[in-house]
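Have the structure open and follow along.

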Amino acid sequence: MTLLNKTLPEERRGKLKHMLAQGQLVRAIEAHNGLSGIIADNARIEGQDVDGNQVIREFDAIWESSLTDSASKGHPDIEVISFDSRLHTIQEILAVTKKPMIVDGDTGGDPNMFEYTVSKLERAGVSAVIIEDKVFPKRNSLEAGTTQTLQEPQAFAYKIKRGKAVQMTDDFMIIARLESLIAGLGLDDALDRARAYLEAGADGIMIHSKSKDPSEILEFAKRYRSLLAELEMDKPLICVPTTYNNIVEDELKKSGFHIVIYANHLLRTAYKSMLETARTILLNQRSFEADPMCAPLRDIFDAVGFLDVKEKDRLDESNKNTPVIIPAAGRAPDLEPVIGDTPKAMVDIAGKTLLARQIKSLNINRLTDITVVTGYGKDKMQAEGVSFVEAPDYEKNTELDSILAAESKMSNGFIMLYSDILVEYGVFAKLLASREDIVLVVDNSIQYLDQVDGKATDYVISRNKRNPSRRAINFDYQNTIGKIGKKIDPALATHEFIGLAKFTKTGAEQFLETYHDVRQNLRGQIQEAEDVSKFRLTDLVQEMIDRGFNVHYLEIHKGWLEIHFPQDIELANELFVSTASDAPQIPTS
């Protein structure tokens with residue numbers, strides 16, 4: 001992932017010199033934009049040598065090429081691209097890579113221009129600039145029949161001196177590129193120029209050739225070693241084996257080369273592949289036949305960091321202040337002999353209301369955007385840090401209609417919490433960490449408990465019901481609901497829905513889409529409901545499942561308590577009083 005390449009300019013700049021000091025052959029490949037930079041930075045192969053030793057081979061440096069930079073922008077390689085445009089490409093590549101960069105500086109311009117070039121590249125963290133001894137504006141070296149005019153050696157040497165004088169660190173390198181062989185001036189001219197440039201302060205020499213036979217550059221390397229001995233210097237030698245590409249790196253190293261640059265290969269392969277793909281699409285009038293030529297989108301997403309962004313979005317969503325909707329509009333007839341006309345949410349549990357304890361659990365999990373839907377006893381509903389909205393016709397409608405009274409809070413995802421349950425803090429944390437778009441919290445202990453008279457249970461049948469006679473690994477993606485409802489045979493149920501659910505933005509869209517379609521277009525019995533007026537939350541969830549939406553579940557065992565009967569209040573009081581805590585270990589309902 002590109003953000004992992006957190007390399008500061010001062011850390012990157014000296015890497016090239018360090019590798020050269022270690023005596024290794026530096027292998028560089030061109031990059032012309034951020035994506036090719038990522039490829040250059042990360043390409044590697046692993047294997048074993050003839051002795052069975054593990055070998056890892058990768059590129060050591062990135063070559064920012066004038067040819068491929070200008071060509072990728074649709075221009076010829078004649079120094080027509082401004083330095084600022086080149087610098088933009090350089091910064092684009094540096095931003096997503098960690099390896100040292102060598103920049104193709106063309107002719108360097110006049111000495112004044114070159115001073116600014118050196119200053120800007122060094123500040124950016126570039127390790128070296130290579131300038132060629134041609135007259136501005138240059139012509140590309142590899143095209144046959146192109147006239148090549150070289151600058152006078154003394155004038156080019158003076159440019160090198162000016163560049164060395166303005167650089168601020170010893171890490172930055174200015175390398176002179178010899179074009180004598182390209183211009184047909186021979187080895188003697190190349191060596192004379194090498195002497196002049198080294199004496200002017202050049203940090204190394206690049207010898208260029210367009211011959212397919214490597215013999216002349218090998219001969220230059222031999223004579224260059226003698227020149228260094230005469231000058232009592234140790235300066236690296238660089239080659240670009242584009243045309244003499246039959247020679248291998250080991251032979252180049254033995255001949256005295258220190259850096260090998262593969263100068264234009266990524267752009268050339270990209271151009272050929274893009275042209276072939278475009279023609280294939282035109283030929284077939286569709287893209288199907290071109291698919292084998294294309295990398296999977298996921299590979300691109302991975303390379304540029306989009307998959308990492310997606311994962312961070314998921315984590316952010318789990319940590320952000322997701323709206324919470326608590327439907328609390330209905331009456332509690334089983335509790336009225338004890339609480340009278342007090343709304344269930346206002347029941348006292350060890351000195352705090354049930355709603356206050358829910359708010360506390362939510363707040364601890366950084367959930368503070370809480371909307372409570374009221375109806376029965378709305379004038380008695382009180383709580384700090386929440387918003388109240390009223391459910392219309394709450395006496396005639398279901399809890400689903402109460403939930404939809406807060407529809408304005410659903411657009412970016414939401415959490416739904418029944419007003420009559422106490423839940424341990426950790427359950428909310430697990431729910432927030434879940435990745436799926438729709439997740440219902442379910443308790444698996446229903447399989448081991450007797451049915452409670454007078455209590456309607458939301459039974460769940462999992463799609464992947466466990467077989468207790470064999471061990472199996474249970475993956476998160478398998479946790480999907482097959483059936484949910486109050487009329488399911490308890491003997492078939494695998495879980496009980498506790499009244500807590502999470503919907504991401506996508507899940508909320510699916511939830512609302514299904515709800516409004518049902519309300520507008522369906523008549524008669526819908527799932528377990530006699531008609532749309534009796535449509536409940538579990539009916540909507542089952543309708544979504546039947547329409548092909550995946551509804552996942554988060555499985556818990558205990559950790560919650562439903563306040564449905566007077567004895568539930570007594571149990572809750574005992575739990576909170578005995579632990580003197582806002583977060584007791586709650587047994588199963």
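In this predicted model, the largest pocket has a volume of about 1,100 Å³. Its lining is made up of 41 residues, and those closest to the pocket centre are Arg331, Glu399, Asp420, Lys486 and Arg536. Sort the lining by class and you get 18 charged, 15 nonpolar and 8 polar residues. As for secondary structure, the elements that give two or more residues to this lining are strands E11 (324–328), E21 (495–503) and E23 (560–562), along with helices H17 (399–404) and H20 (537–546).

Now look at Thr398, which sits in the loop between strand E15 (386–390) and H17. Is Thr398 buried or exposed? With a relative accessible area of 9%, Thr398 falls under the 20% cut-off, so it counts as buried. And what does Thr398 touch, leaving aside neighbours within four places in sequence? The answer is a run of Ser533, Lys534, Phe535 and Arg536; Arg536 also turned up among the residues closest to the centre of the largest pocket.

On to the nonpolar cores. The largest has 52 residues, and Ile160, Tyr197, Ile205 and Phe220 are the ones with the most contacts inside it. Helix H10 (residues 215–231) supplies the largest share of this core, 7 residues. Zoom in on Ile205: not counting residues up to four places away in sequence, Ile205 touches Ile175, Ala176, Leu178, Ala194, Tyr197, Leu198, Phe220, Tyr224, Pro236, Leu237 and Ile238. There's also a second, separate core of 38 residues, with Ile325, Tyr515, Ala529 and Met544 among them.

How values were computed:
Residues numbered from 1 in each chain as written. Predicted model: local features only at pLDDT ≥ 70, side-chain atom pairs only at ≥ 80, totals over all residues. Heavy atoms only, no water. Core = buried A, V, L, I, M, F, W, Y, C linked by side-chain atoms within 4.5 Å. Buried < 20%, exposed > 50% of the residue type's maximum accessible area, 1.4 Å probe, protein only. Helix = DSSP H or I, 4+ residues; strand = E, 2+ residues; numbered from the N terminus. Contact = heavy atoms within 4.5 Å. 1 Å grid on protein atoms, 1.4 Å probe; cavity = no way out; pocket = protein on both sides within 12 Å on 5 of 7 lines; lining within 4 Å. Points joined across faces, edges and corners; volume = space filled by probe spheres on them. Nonpolar A, V, L, I, M, F, W, Y, C, P; charged D, E, K, R; others polar.
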